[in-house]
Structure formats: C-alpha cells, structure tokens
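Here is a friendly walk through one model, from its overall build down to a single side chain. Have a look at the sequence and structure first.

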Amino acid sequence: MLRVTRLRYGFPIGLFLFFFLDGILGEAFPKEIFHYPYAMSSYLVVLWLVFAVFFEDPIQIPLGVWAAVAGGLFDLYYTGIFGIFVFVFPIVVILTRACYRAFPVNFLSGLLVYFIDITVVSILSYFGNLFVHTTSASFTDLFVYSLAPTLAYNLAAYVILYFPIQRLYNYLKS
C-alpha cells in the first residue's frame, strides 16, 4: 500500500516540477535560443510523461488524464491558447504506449521513442497554431528553425535525466 501511495503522490509532484522547469530553463538560456529565428521549445513535461509510460509498470497511473491536465495548464501558462496541448499530450501518451509494446524498454529505444514523440508534438502544435492563425511560418521553417533545435535540446535532456528518473521511479515503486 505504501508503494502505491508514494507513486501516486510522487508522479504529480514530478509533473508539476517538470512543468515549471520548462519555463525556468527557457529563461535561464540566452534569449536567442528560444526566440526567432531559432525557436527551440522545452518539452520536459512530455519527458516526464514518457518516463511514466516506461517506468510505471506494474502500477498503472491514469496518464491520459494527467496528460490532458498538464496540456491544459501548458496551453494556458505557456501559449495563452487553450486547446492545442490539451489534445497533443494525451496523443503522445497513446503513441508512447504503442511504441512501448513494440520496442523493448531500454535507454536507446526510449531515446528513439522520445525523438518520435517530440517530433509529433512539434508538428501537431505547428498545425494547431496554423489552424488558429497564430503562425505564418512555413513547414520548412518549422523543420529548420524550430524542430531541429527542439530535438537537440530535448534529446540532451533525455540523456541527462534518464538514469536519475529511472532510479526515482524505482524508489517510488519499491
């Protein structure tokens, strides 16, 4: 019973921390990295959700609900437009679970899955912003000026955080 309680409270606390780390790290780096023309985006919330899919077994967390809540907060706090990430984050959880069944869970396959997830998040948020007319960037601009730096930053975060987060989840489950 104690292990379920630790993960039940540890997961939302970690999600909350990663939510704010997205903004804090965005402010800590030079402005040129996160603004035009190279618009790198930090998706540490997605990283936390992906790690939850990888490390939650055998305890099931309602990740779809948490992803929608985190997406709604992400929309309101970071983008100011409600509705894009509230759908994108749960889609990423579904995609990650499908990949989880296809690949063995280890560092390298997780890196591949996270690469796919960040690409999906970036492309879906681009189309969402295009749909509500908040961007005029071309699809080529997305790949060159946003997706490439976003992938570099987020994959580096994955490499740095994989083993510490794995140990944290093992502690919360034990």
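Of the contacts in the chain with a separation of 6 or more, 74% are accounted for by residues 24 or more positions apart; contact here means heavy atoms within 4.5 Å. Please keep in mind that this is a predicted model, where local features need pLDDT of at least 70, side-chain atom pairs count only at pLDDT 80 or more, and totals for chains, interfaces and linings use all residues. Residues are numbered from 1 along each chain as its sequence is written, and side-chain values use heavy atoms, with hydrogens and water left out.

What does the chain hold in the way of helices and strands? The count is 7 helices and 0 strands, taken as DSSP runs (H or I, at least four residues, for helices; E, at least two, for strands) numbered from the N terminus. The radius of gyration is 16 Å, close to the 16 Å that the globule rule gives for 174 residues, so the chain is as compact as a globular protein of that length. That radius is taken over C-alpha atoms, and the rule is 2.2 Å times the number of residues to the power 0.38.

| Property | Value |
|---|---|
| Span of the C-alpha trace along its principal axes | about 50 × 30 × 30 Å |
| Accessible surface | about 9100 Å² |
| Distance between the centres of the positive and negative side chains | 18 Å |

Carbon and sulfur atoms own 73% of that surface, computed by the Shrake-Rupley method with a 1.4 Å probe. The charges number 8 positive and 8 negative side chains, with Lys and Arg as positive, Asp and Glu as negative, and His and the chain ends not counted. Each charge is placed at NZ of Lys, CZ of Arg, CG of Asp or CD of Glu.

Turning inward, 44% of the 174 residues count as buried, which is to say under 20% relative accessible area with a 1.4 Å probe, protein chains only. The largest nonpolar core has 45 residues, and Phe11, Leu49 and Tyr169 are among those with the most contacts inside it. Its largest share, 12 residues, comes from helix 3. Beyond its neighbours within four places in sequence, Leu49 touches Phe11, Leu15, Leu63, Ala67, Phe89 and Val93.

Finally, consider Tyr162 in helix 7. Is Tyr162 buried or exposed? Tyr162 is buried, with a relative accessible area of 3%. Leaving aside neighbours within four places in sequence, Tyr162 is in contact with Phe51, Phe55, Asn106 and Phe107.

Note on methods: Buried < 20%, exposed > 50% of the residue type's maximum accessible area, 1.4 Å probe, protein only. Core = buried A, V, L, I, M, F, W, Y, C linked by side-chain atoms within 4.5 Å.
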